[in-house]
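Visitor: Could we go through this structure together? I would like to take it topic by topic.

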Amino acid sequence: MTQTVLVLGASGRFGRNAAEAFGRAGWTVRSFDRKREDLDIAARGAEVIVNAWNPPYPDWAATVPGLHARVIKTAQATNATVIIPGNVYVFGPNTPAPWGPDSPHAATNPLGRIRIDMEAAYRASGVRTILLRAGDFLDTCASGNWFDQVMIKRLAKGRFIYPGDPDIAHAWAYLPDLARVTVTLSQQRETLPVFCDLTYPGYTLTGRQIAAALEQVTGRRITLKRMNWLPLHLARPVWPMARSLLEMRYLWSTPHSLDGAAFAKVLPTFVPTPFEQALASAIPVELLADQVHPDQAVAAGL
């Protein structure tokens, strides 16, 4: 029997990839229009709600608690499972790596505390919830993330701009892989804990390793440059987003990776896309070496 998923934030990075993955898996996919639709009505008959709403950082304090409270209320009424793309903000810079489901949520900064409180609300609600936590995203098109907005913005000129220390580990996730995992977890939802917190291991790479991989997939010499944070400091008094980006800067100077032990127990047969293939599909096709084809960046099935 066909199952139905309601995707909140289907035009965003995670939501778009999730909607495509559920569609390929044969699910009926509904994309929610927050301006025109009523959530309670849209959720009727949906077994799963993918909550990929992600307001801009400066709006988190005012909007995140209310948005998620609304989703929790709807899920309680419909008995739907809620899937949330989690991030690493809850851990803070002093939590020992690797970060996993049992790592303390020790963040003290405002954005981290908002995420801690949001996750705690789901845990306390009794709603069947799957929180799939991952590092920074690699997408298949420019979608306003760190990778396409900053890091490869000058790639055509042979420059790779890195926001932090290029010699420390940083967690990454390829969105099509994360979306495939989301579908599989949805299919297994009844066998999982009511509140299931999973860290997706993804790729753990330094900036220099990414630069070296870019040389392989582009066939050109790449120069790694450190990002200049001074313009954000100067913009801080008048641009709220600059304050938020500076607040999260510690993630680029804190070595971290995600513990995949619990994930491997739930999805032991999952095969991720090789990093070079994921990287090839995350950069403009005109920058690729002739022998690389980004449309082939599809991993083996779950």
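Visitor: Is Cys 196 buried or exposed?

Guide: Cys 196 is buried, with a relative accessible area of 4%. Buried means under 20% relative accessible area, exposed over 50%, and partly exposed in between, with a 1.4 Å probe and protein chains only. The model is a predicted one: local features need pLDDT of at least 70, side-chain atom pairs count only at pLDDT 80 or more, and totals for chains, interfaces and linings use all residues. Residues are numbered from 1 along each chain as its sequence is written, and side-chain values use heavy atoms, with hydrogens and water left out.

Visitor: And what about Cys 141?

Guide: Cys 141 is partly exposed, at a relative accessible area of 35%.

Visitor: How many disulfides are there?

Guide: The count comes to 0 disulfides, where a disulfide is a pair of cysteine sulfur atoms within 2.5 Å.

Visitor: Let us turn to helix packing. How are two packed helices described?

Guide: The description uses the angle between the two axes and the distance between them. Axes are lines fitted to C-alpha atoms, for helices over the stretch in contact, and angles run from 0 to 180 degrees between N-to-C directions. Helices (H or I, at least four residues) and strands (E, at least two) are DSSP runs, numbered from the N terminus.

Visitor: At what angle do H3 and H4 pack?

Guide: Helix H3 (residues 60-78) packs against H4 at about 15°, and their axes are 10 Å apart. H3 and H4 are therefore roughly parallel to each other. Angles under 35 degrees count as roughly parallel, over 145 as roughly antiparallel, 65 to 115 as roughly perpendicular, and the rest as oblique.

Visitor: Which residues meet there, and of what class?

Guide: From H3, the residues are Trp 60, Ala 61, Val 64, His 68, Val 71, Ile 72 and Gln 76; they meet Leu 111, Ile 114, Arg 115, Met 118, Ala 121, Tyr 122 and Ser 125 in H4. Contact means heavy atoms within 4.5 Å. The contact of H3 with H4 divides into 10 nonpolar, 3 polar and 1 charged residues. Here Ala, Val, Leu, Ile, Met, Phe, Trp, Tyr, Cys and Pro count as nonpolar, Asp, Glu, Lys and Arg as charged, and the others, Gly among them, as polar.

Visitor: How do the axes of H1 and H6 cross?

Guide: The axes of helix H1 (residues 13-24) and helix H6 (residues 175-187) cross at roughly 55° and come within 8 Å. H1 and H6 are therefore oblique to each other. By class, their contact has 9 nonpolar, 3 polar and 2 charged residues.

Visitor: Which residues of H9 are buried, and what covers them?

Guide: In helix H9 (residues 240-247), the buried residues are Ala 242, Ser 244, Leu 245 and Leu 246. Their cover includes helix H4 (110-125), helix H5 (146-151) and helix H8 (230-235).

Visitor: Now the loop between S4 and H4. Where does Gly 92 lie, and what does it touch?

Guide: Gly 92 lies in that loop, between strand S4 (81-86) and H4, and is buried at a relative accessible area of 0%. Not counting residues up to four places away in sequence, Gly 92 touches Trp 99, Ala 107 and Tyr 250.

Visitor: What about Pro 96 and Pro 98?

Guide: Pro 96 lies in the loop between S4 and H4 and counts as exposed at 59% relative accessibility. Pro 98 is found in the loop between S4 and H4, and the peptide bond from Ala 97 to Pro 98 is cis, with omega near 0°.

Visitor: What is the phi of Asn 79?

Guide: Asn 79 is not a glycine, yet it has a positive phi of about 65°. Asn 79 is placed in the loop between H3 and S4 and counts as exposed, at 70% relative accessibility.

Visitor: Finally, which residues is Arg 220 in contact with?

Guide: Leaving aside its neighbours within four places in sequence, Arg 220 is in contact with Leu 155, Ala 156, Glu 215, Glu 286 and Leu 287. Arg 220 lies in the loop between helix H7 (207-218) and strand S11 (223-226), and is partly exposed at 30%.
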